[in-house]
Amino acid sequence: MTEPVKMTMIDAINRALHDAMEENGKILLLGEDVADPEDGGVFGATRGLSTRFGEDRVKSTPISEQAIVGAAIGASLVGYRPVAEVMLMNFMTVAMDMLVNHAAKLRFMSGGQTSVPITVRTMTGSGLSLGGQHSDFVEAWFAHTAGMKVVIPSSANDAYGLLRSAIDDADPVIFVETLPIYWAQGEVSFERIPIGKARVCREGSDLTIIAYGQMVSHSLTVATELAKQGKSVEVIDLRTVSPWDRETVLASVAKTGRALIVHEAVKEYGVGAEIASVIGEALFGRLVAPVQRLGAAYCPVPFSKPLEQAFAPNAESIGAAAAALLS
């Protein structure tokens, strides 16, 4: 067994791609500037891989997200397992026809005769002043589409383990990387993590906070502070948005009687609404308080630093929402 190593999330992603390509010669990488002459992508996630595996397997592409995803789908239909990089999540809009009408539907429309084992890596997140066209979390669009899976890791270890499982999966997986935590370090165990299984990061008895991505670390900070006041908060890292781990979430909320769902995407029509609805339907008689949701403001992500800081949930706003539920 490989000893755990401390590394950043972006290094864990690079290592996951490297290890997967070492094991399986059918894994391809394609996207804008992913090869080494362009330094392995804008953030270096694929640095060194074209040198190691050759440019037949690591292809820098033109700036055409539709072509990137379309080529990945085509390659998957003839036995390859492509990992396509769409540089920023907002740019997924350019490839929506390929993703929604082709990748997500071909298994169904072929009567199960073919699958589409592609992984689409994309990155996003507020906090870096990248502006409204480069920072949106739109995971709910893809979670609403039957036939694909949506994964959002919160740590370097989860990034490695979930990416390995995404590449192994027979169905399309949207793998969302949160930019502001790219350089956060953590111990990586180099083991696969199953898609669809949440993690209880901290056990508690008074309130359940359900989060994913960067919101997990904020929620853990809040749980630590509330513990000083005698409040016991359970924190669940969803890890997979679709399919989400209903069993773990419902078991936790049945125990605590209170639930707060936090995500960086705008609150309206978000993933939190679906989870809140299921909790309400399944546990109506056992809830001590109404399920609460916390998300970003219903507006484009601001470029202005003060406005951007006010846009998305943080430890302060999560703490206030949790305290209100516990009062």
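Predicted model: local features only at pLDDT ≥ 70, side-chain atom pairs only at ≥ 80, totals over all residues.
Residues are numbered from 1 along each chain as its sequence is written, and side-chain values use heavy atoms, with hydrogens and water left out.

**Burial at a glance**

The table gives the relative accessible area of several residues. Buried means under 20%, exposed over 50%, and partly exposed in between, with a 1.4 Å probe and protein chains only.

| Residue | Relative accessible area | Class |
|---|---|---|
| Glu-177 | 0% | buried |
| Asp-245 | 6% | buried |
| Phe-190 | 13% | buried |
| Cys-201 | 21% | partly exposed |
| Leu-130 | 32% | partly exposed |
| Cys-299 | 35% | partly exposed |
| Arg-246 | 42% | partly exposed |

**A patch on the surface**

Let's start on the outside. Leu-128, Leu-130 and Trp-183 make up a nonpolar surface patch, and together they have about 270 Å² of accessible area. Patches are made of residues with over 30% relative accessible area and no salt bridge; like charges are joined within 9 Å, and nonpolar side chains (Val, Leu, Ile, Met, Phe, Trp, Tyr) within 5 Å. A salt bridge is a side-chain nitrogen of Lys or Arg within 4 Å of a carboxyl oxygen of Asp or Glu. The areas come from the Shrake-Rupley method with a 1.4 Å probe, and for residues, only the protein chains shown count as cover.

Leu-130 sits in the loop between strand 5 (119-124) and helix 6 (139-143). Helices (H or I, at least four residues) and strands (E, at least two) are DSSP runs, numbered from the N terminus. That loop also holds Ser-129, whose phi is positive, near 55°.

Which residue does the side chain of Glu-177 join in a polar contact? The partner is the side chain of Tyr-182, at 2.3 Å. A polar contact is a pair of N or O atoms within 3.5 Å; within protein, one must be able to donate a hydrogen and the other to accept it, and residues adjacent in sequence count only if both atoms are side-chain atoms. Glu-177 belongs to strand 7 (residues 173-178). Neighbours within four places in sequence aside, its contacts (heavy atoms within 4.5 Å) include Ile-13, Arg-121 and Thr-124.

**Around Asp-245 and Arg-246**

Asp-245 lies in the loop between strand 12 (240-242) and helix 9. Its side chain comes to 3.0 Å from the backbone nitrogen of Ala-198. Beyond its neighbours within four places in sequence, Asp-245 also touches Gly-196 and Lys-197.

Arg-246 is part of helix 9 (residues 246-256). Not counting residues up to four places away in sequence, Arg-246 is in contact with Glu-274 and Val-278. Arg-246 and Ile-275 are 29 residues apart in sequence, with 8.3 Å from C-alpha to C-alpha.

**Backbone details**

The loop between strand 12 and helix 9 also contains Pro-243, and a cis peptide bond links Ser-242 to Pro-243, with omega about 0°. Phe-190, in the loop between strand 8 (185-188) and strand 9 (199-202), has a positive phi near 60°. For background, most residues other than glycine have a negative phi, and most peptide bonds are trans.

Finally, how many disulfides are there? The count is zero, where a disulfide is a pair of cysteine sulfur atoms within 2.5 Å.
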